[in-house]
Structures are given as structure tokens and as C-alpha cells.
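This report examines one structural model, with attention to charged pairs, helices, nonpolar clusters and backbone geometry. The sequence and the model are shown first.

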Amino acid sequence: MDFDVIFLGFVQGFTEFLPVSSSGHLALAKIFLGVELPPLNYDLVLHLSTTLATILFFSADIITFLSQWCAGFFNAEARKKPGWSIGWAVLLGTVITGLIGFSIKGFAEEASLNSFMVGVGLIVTGILLVVSRWIRAGFGKVSLMDGVYVGIAQGIAVMPGISRSGMTIIAGLSAGLSKESAFRFSFLLSIPAIVGATLIQALEIGGWHNFSSTLPRGWYLGAIAAFSSGLLSLFLLKRLVIASKWWYFGIYCLLMGLSAIIVTYMGVW
């Protein structure tokens, strides 16, 4: 049991940030292979672990931008610093993500049970990633409108097969952000969205006792694995985005999506 828990934590952490749609892969594994997905409470533990990895990875940026944003309420000069606009962009993007995510949540859950829909999502992700190779990155700073664009992209990524990191980074690049700014803003925006969704799901479970009593044995080892592999994945993705080589994942997503659709229609599985 401990090995399964650790392995699941490692896979969750490593694929959570790469632009391959971990939710799409889990959906296909459940549909075609009959893989049992982790209980909701353990899934929440893994998501919190990867979120902690995100917070640690961007800790210096979070401290700097948050202090600048708070100072902006009392100091006109502070409102000229990047943290002021980034803070508001994160808030606006989070609201937009929530509105879109909740409005299509039911449809997304049904789509996750349909291998054709998951395959289409992966193909969409693959096309966007490949096309992103020709997007000319800008030098712009994060603005309020970037929060709108990236927030919309993050909301749409609720659909299975649609990569959250892929959609949001592409949206940032298309809006004129630099590669590093698009990468950073993508994950800064993910923190409140993931934490908020996790808290809502945790409340639905009801109480700490109900939450903790059904966690698998060795769950903390899985959490450590998710945290560690999440950090590794962030370092890897940043290097690939800066080097403009992350579009390679698009070819993989196209192949996976086409395979899912072909298998669905041929009924050979």
C-alpha cells in the first residue's frame, strides 16, 4: 500500500505542472485501464502538497509582490511597482476562473467519463502548444487585462484534457508578456484557485475526523513525494519555457488525444 501511495504522489506532483493535463491522463486511465482513482481526501492532500511546492518555488516573488501590493494602499509610489498590478491581476483572474469553472463544472465532470471528449481536449492542448512555438514573447509587465486573459484560460482548463499550465502560459505569451513573466504569473494565479477549490471540496467531505480517518496508510509519504516531484517539475518546466522547447509536449498530447479517439471509435480496447 505504501508503495502505491508514494507512486501516486510522485506521478501527481510531476504531471501536475507539465502541460500534459494530468486530469486527462487520469480520466483515460480510469476509462481504459480501470485504474482506481485516489479517494477525494487523499487527492486533496496531494493537491495541497503541490501547491506548497508552488509557494516555495515562488516564495521570493510572493513576498515581494504581496508587500508591494499591500504598500500600495498607503503609498502612491508603491502603486508604481509591479506588485500592485500583479496583485489586482491575480484577484481578478481568480474571480474569473471561479465563475467559469463553476459554470462548466458539471459538464467537465461528465466529459471526464467520455474518452472521446478527453481525447479532443488533449488534441486542443497539443495544437495550442505546437502553435505557441511561433508566438513572439513580449516584454510587457503584468496588467489587469492579463488577469482577464489568463483567468479565462485557467477557467477553461477545468475541462479534462485541457492543460492548465499550457493554457495560462500561452495566454500570457499571447498577451505580450515575457516568457518568464508568463510562467510566473501562470503559477501565481494557480495558488488561490487551487487552494480555494481544495477548501470547498474539503468542506463537502465534512469535518477533520471524516477527512483523516479514511486517508490511506502512509499518506504523508505520498504528500512528500508529490511535493518533491512538484518542485522538480517546476524547475524543468521553467527551463523548457525559457528555452522555447516546451512545445514538444504538444506532439505528445496530439498523439495521446488521437489515440484516445481512435480507440474509442474502433472499440478495440
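Lysine 80 and glutamate 77 are joined through their side chains in a salt bridge, with an N to O distance of 3.2 Å. The term salt bridge denotes a side-chain nitrogen of Lys or Arg within 4 Å of a carboxyl oxygen of Asp or Glu. The model is a predicted one, in which local features need pLDDT of at least 70 and side-chain atom pairs count only at pLDDT 80 or more, whereas totals for chains, interfaces and linings use all residues. Residues are numbered from 1 along each chain as its sequence is written, and side-chain values use heavy atoms, with hydrogens and water left out.

**Salt bridges**

The whole structure contains four salt bridges.

| Lysine 105 | Glutamate 109 | 2.6 Å |

Glutamate 180 belongs to helix H9 and lysine 238 to helix H11, so their pairing ties together parts that are 58 residues apart in sequence. Helices are DSSP runs of H or I with at least four residues, numbered from the N terminus. By contrast, lysine 105 and glutamate 109 both lie in helix H5, four residues apart, which is about one turn of the helix. An α-helix has 3.6 residues a turn, so residues three or four places apart point the same way.

Lysine 80 counts as exposed because its relative accessibility is 63%. Lysine 105, at 36%, is partly exposed, as is glutamate 109 at 44%. Glutamate 180 has a relative accessibility of 40% and is therefore partly exposed; lysine 238, at 29%, is also partly exposed.

Helix H11 comprises 24 residues, 219-242, and should span 34 Å at 1.5 Å a residue; the end C-alpha atoms are 35 Å apart, which agrees. The expected span is 1.5 Å times one less than the number of residues in the helix. Among the buried residues of H11 are Gly222, Ala223, Ala226, Leu234, Leu237 and Val241.

Serine 244 follows H11 and lies in the loop between H11 and helix H12 (248-266). The phi angle of serine 244 is positive, near 60°, in a residue other than glycine. With 31% relative accessibility, serine 244 counts as partly exposed.

Serine 21 likewise has a positive phi near 60°, and is located in the loop between helix H1 (2-17) and helix H2 (22-33). Serine 21 is buried, its relative accessible area being 4%.

**Nonpolar cores and a surface patch**

What is the size of the largest nonpolar core, and which residues have the most contacts inside it? This core has 46 residues, and those with the most contacts inside it are Ile169, Phe183, Phe187, Leu237 and Trp246. Helix H9 (residues 179-205) contributes the most to this core, with six residues. Apart from it lies another core of seven residues, including Val45, Leu46, Ala223 and Ala226. A nonpolar core is a set of buried Ala, Val, Leu, Ile, Met, Phe, Trp, Tyr and Cys residues joined through side-chain atoms within 4.5 Å.

Beyond its neighbours within four places in sequence, isoleucine 169 is in contact with Ala182, Phe183, Ser186, Phe187, Leu237, Val241 and Trp246. Contact means heavy atoms within 4.5 Å.

On the surface, Phe73, Phe74, Trp88, Leu91 and Leu144 form a nonpolar patch with about 560 Å² of accessible area together. One member, leucine 91, is placed in helix H5 (residues 82-111) and counts as partly exposed at 42% relative accessibility. Patch residues have over 30% relative accessible area and no salt bridge, with nonpolar side chains (Val, Leu, Ile, Met, Phe, Trp, Tyr) joined within 5 Å and like charges within 9 Å. Accessible areas come from the Shrake-Rupley method with a 1.4 Å probe, and for residues only the protein chains shown count as cover.

Glutamate 16 lies in helix H1 and is buried, with a relative accessible area of 19%. With neighbours within four places in sequence set aside, glutamate 16 is in contact with Ser22, His47, Thr50 and Ile194. Glutamate 16 and leucine 234 are 218 residues apart in sequence, yet their C-alpha atoms are 9.4 Å apart in space.

Cysteine 70 is part of helix H4 (residues 59-71) and is partly exposed, with a relative accessible area of 36%. Cysteine 70 and glycine 155 are 85 residues apart in sequence and 26 Å apart in space, C-alpha to C-alpha.

Definitions and conventions: Helix = DSSP H or I, 4+ residues; strand = E, 2+ residues; numbered from the N terminus. Buried < 20%, exposed > 50% of the residue type's maximum accessible area, 1.4 Å probe, protein only.
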